[in-house]
Amino acid sequence: PYTSDRAFPRGDHTESTMLTNVILRAAVTAFLLSMAGMPAFAQQRFDPETGRNLANYPPSVFFDHKHLKLVIDIPDIETAAFDGIATLTTAPIGVARSTVTLNARKTLSFSKVIVDGEPASFVHEDELLTVTLPRAAAPGADVKIEMTYHADKPTANASGLNWFKTRRGEGREKQGAMVYSQGESDYNSYWFPCHDYPNDKLTTEIVVTVDSGYEVVSNGRVLSKEPGSPRTVTVSGDDGGELQSMRDRTTWHWLQDKPHATYLVMLAIGKFDVVDVNANQPGVPMPVYGPIGSAADLKEVFKSTPAMVKHFEELFDEPYPWDKYAQVIVRNFRWGGMENTSATTLAEYAAGGAPGSQDDLISHELVHQWFGDLMTCRSWEHLWLNEGWATLGEWLWTQKTQGDDAYLREARQALNILKVTANKPLPEGVAMVSRYYRHIDDNFSKAEDPYKRGGFFLHMLRERLGDDVFWKGVRLYIDRYKFQSVETGDFRRVLEEASGQSLERFFDQWAFRPSMPALKVAHTYNDQSRRMTVTVEQTQKIDADNPAYALRLPIYCEFPVREDAEQFPGRWLYIDTDTTSTTETFDLPMRPNRVRIDPNASLLARINEQRSGGE
């Protein structure tokens with residue numbers, strides 16, 4: 001993946017390189033699908049042998065999961081295994097229920113389950129743990145389920161709980177071993193049992209006992225750090241024999257007391273330099289954890305974090321919602337960063353560079369603490385509500401620090417990439433918001449990119465509604481849905497409430513439909529009548545699946561500066577169309593010397609301009 005929090009390091013890959021990778025991936029996918037004799041979307045929509053609908057729907061939430069406490073004992077930091085006790089407080093929804101089913105991968109093995117103090121039977125198969133309650137629980141009645149288990153190599157595809165042994169040679173031993181989680185999208189069930197889907201939220205608590213000398217970072221705030229029971233280790237003696245020694249250990253206790261989705265539960269263990277970039281300032285702690293020896297670089301690279309927090313608090317009219325904002329730099333991270341609640345994980349490259357060099361990455365992940373963590377997509381087809389907002393967050397910080405032109409440059413860059421990648425209409429194309437995908441992670445890298453298309457879609461809404469109404473709607477959205485799971489329709493309805501506009505057609509076209517319009521724009525000026533005629537043709541594929549777009553095309557006319565004539569200010573013209581061809585005529589005081597088509601990049605479209613003579 002090539003976008004911000006699933007990114008190539010910015011110092012090593014240019015925008016053109018990222019675009020090349022996107023094009024290559026799209027070409028390979030198209031070739032494989034052509035060999036299969038079926039377009040991607042048709043192949044994904046149903047099973048031709050059985051007729052089964054292949055759309056993805058959220059799993060049922062039969063229980064309201066309220067709190068999960070994990071007690072983890074790591075006997076050897078060099079070995080990818082631990083013993084755990086997961087205690088889940090939950091309550092049935094709707095009717096009395098006698099079984100609870102949780103996601104639990106094959107990396108976990110369960111030895112016993114206790115429900116409200118009584119032993120309970122359980123079955124662990126097909127990566128599901130099903131617990132039979134000693135007696136049916138009434139709706140709303142709390143049930144406490146304690147699951148004792150062992151985790152062995154609890155990772156897959158660089159996700160789950162990743163484990164790295166101590167590096168050897170060249171003085172690298174001081175860095176020690178490292179453990180860190182990567183839960184998005186459904187990988188935290190590799191290291192603890194849970195409802196591994198974002199349509200339920202709960203508070204969490206993690207107690208970890210590990211060798212002393214290691215930092216342990218998790219969500220929320222640390223409640224205690226105390227000596228743990230020492231462990232016996234076997235080492236080689238000088239005479240070649242084996243010696244027994246005791247190794248000190250420490251128990252860390254973290255609490256996240258505000259609800260969040262299980263994929264955002266985070267654990268990182270390592271030896272770090274730790275710098276609080278908000279030290280001695282009012283507000284939440286903002287520690288940055290980096291490799292040993294990186295403290296000076298961390299202070300410089302991350303020093304804008306407090307200013308970013310303040311800026312986004314003001315824009316969103318919502319205080320930063322968590323107990324701290326940690327940024328944890330880890331080894332061999334697959335992505336650029338991951339927005340775990342109150343504790344973002346970052347790739348190693350983020351530890352270096354000049355001040356401001358990582359601001360795109362830092363601002364992207366920070367905005368997720370509101371959009372993605374405070375409000376979380378209810379199901380994965382609505383991923384753009386997380387990633388589109390984080391992408392817009394990058395542009396908003398650029399606007400704050402570099403001005404409006406820099407903001408528009410970011411939007412145009414996204415548009416230019418989408419012109420290359422988002423080029424398949426229905427039925428072949430898959431919309432940005434679509435239930436059709438083979439695996440959850442496909443949503444992160446599809447052509448109708450929830451990052452760039454999502455960010456540009458928000459930019460289009462901002463242009464359509466104007467800043468005052470747009471931000472009024474955004475703030476209403478946060479106030480109404482914070483600490484909840486959300487869908488695209490939730491966001492649309494609050495914008496409609498704030499603006500009075502009907503936005504269903506707008507959302508249908510730009511969020512629920514793939515590709516984009518191709519516009520041929522021709523304009524001519526008649527000196528005798530002093531009138532400009534503008535014709536807009538939609539030249540993309542138009543049929544029953546892909547009707548003409550309803551859109552407003554803005555045009556700005558500039559007039560020459562003349563000493564012997566009156567100077568006219570620039571003039572905005574707007575063409576409203578929902579047909580294949582529309583022609584409008586406008587009165588203008590004189591021939592414009594420059595006609596700018598959609599100068600604020602307010603429209604997701606490929607535009608071919610036919611200029612008049614002399615312009």
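Strand E11 (residues 178-182) is largely enclosed by the rest of the structure, because 5 of its 5 residues are buried. Here, buried means under 20% relative accessible area, exposed over 50%, and partly exposed in between, with a 1.4 Å probe and protein chains only. Strands (E, at least two residues) and helices (H or I, at least four) are DSSP runs numbered from the N terminus.

The model is predicted: local features need pLDDT of at least 70 and side-chain atom pairs count only at pLDDT 80 or more, while totals for chains, interfaces and linings use all residues. Residues are numbered from 1 along each chain as its sequence is written, and side-chain values use heavy atoms, with hydrogens and water left out.

**Nonpolar cores**

A nonpolar core is a set of buried Ala, Val, Leu, Ile, Met, Phe, Trp, Tyr and Cys residues joined through side-chain atoms within 4.5 Å. The largest has 89 residues, and those with the most contacts inside it are Phe302, Phe312, Phe316, Phe371, Trp389, Phe491 and Leu553. Helix H6 (residues 384-402) supplies the largest share of this core, 7 residues. A second, separate core of 44 residues includes Phe63, Ala104, Leu202 and Trp254.

Contact means heavy atoms within 4.5 Å. Apart from neighbours within four places in sequence, Phe302 is in contact with Val277, Val288, Gln327, Ile329, Leu346, Ala350 and Ile362.

**His311**

His311 belongs to helix H4 (residues 305-316). Its relative accessibility is 12%, so His311 counts as buried. When residues up to four places away in sequence are not counted, His311 touches Leu396, Trp397 and Lys400.

**The chain as a whole**

The chain contains 11 helices and 30 strands, and 53% of its 615 residues count as buried. Of the contacts between residues at least 6 apart in sequence, 72% join residues at least 24 apart. The chain exposes about 26,000 Å², of which carbon and sulfur atoms supply 48%; accessible areas come from the Shrake-Rupley method with a 1.4 Å probe, and for residues only the protein chains shown count as cover.
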